[in-house]
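Okay, thanks for making time, everyone.

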Amino acid sequence: MLTGLSDEQRAARRELVTAVARRQREVAEALGAAFAAMSAAPEPDGVLRELTSHAARVLRAERSWLLPPDGPAPPRPVTGAGGRGAPSAVAPDIPSAWSWLALPLSCRGTSLGVLVLCSPVRDAYQEAELV
């Protein structure tokens, strides 16, 4: 598989594989902590607060919002840049160069709201990763 590559290319490939493995381990550990915190929350609102907090850490969001279920929710996770296309309740608060991700939350067909995460990293959230 790595035949025909220069030593520099092989080293770069190993470095990339190591970085991906490290990130996967970090995410797995963070998800374990998130599940523990959510299961310890005594009330549904506490579970949603923990979910918001941990999702922001795992997905490296600088800002996060949990929008109530009374507004319009996207039918599936959506991403974007700046406030364009973001849920109207938070669109004015998203800087123009920032990325955002909106995740509809539901349980047994009942809307729990929309989790919105925002990052200063351009293209931080890709639609291909949400599938």
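So, the surface: the chain exposes about 8,700 Å², and carbon and sulfur atoms supply 56% of that. Accessible areas come from Shrake-Rupley with a 1.4 Å probe, and for residues only the protein chains shown count as cover. Of the 131 residues, 28% count as buried, where buried means under 20% relative accessible area, exposed over 50%, and partly exposed in between, again with a 1.4 Å probe and protein chains only.

Quick housekeeping. This is a predicted model, so local features need pLDDT of at least 70 and side-chain atom pairs count only at pLDDT 80 or more, while totals for chains, interfaces and linings use all residues. Residues are numbered from 1 along each chain as its sequence is written, and side-chain values use heavy atoms, with hydrogens and water left out.

How do the strands pair up? I call two strands paired if DSSP finds at least two bridges between them. S2, residues 78-81, pairs with S3, residues 99-107, in the antiparallel sense over four bridges. S3 then joins S4, residues 110-119, antiparallel again, through nine bridges. And S4 also pairs with S1, antiparallel, over five bridges.

Trp-100 in S3 stands opposite Gly-80, and its bridge partner in S4 is Cys-118. Leu-103 has Leu-115 as its partner in S4, and Leu-67 has Val-114. The S3-S4 hairpin has two residues between the strands, and Arg-108 there takes a positive phi near 55 degrees. S4 itself is mostly covered, with seven of its 10 residues buried.

Now the inside. Nonpolar side chains tend to be buried together in soluble globular proteins. By a core I mean a set of buried Ala, Val, Leu, Ile, Met, Phe, Trp, Tyr and Cys residues joined through side-chain atoms within 4.5 Å. The largest one has 13 residues, and those touching the most other members are Trp-65, Leu-67, Val-90, Ile-94, Trp-100, Ala-102 and Val-116. S1 (63-67), S3 and S4 each supply at least two residues of this core, and S4 gives the most, with three. Apart from it lies another core, of 10 residues, including Leu-48, Leu-101, Leu-117 and Tyr-125.

What does Ile-94 touch, skipping residues up to four places away in sequence? Trp-65, Gly-82, Gly-83, Ala-86, Trp-100 and Cys-118. Contact here means heavy atoms within 4.5 Å.

Then there's Pro-87, in the loop between S2 and S3. Buried or exposed? Pro-87 counts as buried because its relative accessibility is 15%. Leaving aside neighbours within four places in sequence, Pro-87 is in contact with Leu-67, Trp-100, Ala-102 and Val-116.

The charged end of Arg-63 sits over the ring of Trp-98, 4.6 Å from its centre; the criterion is CZ of Arg or NZ of Lys within 6 Å of the ring centre and within 35 degrees of the ring normal.
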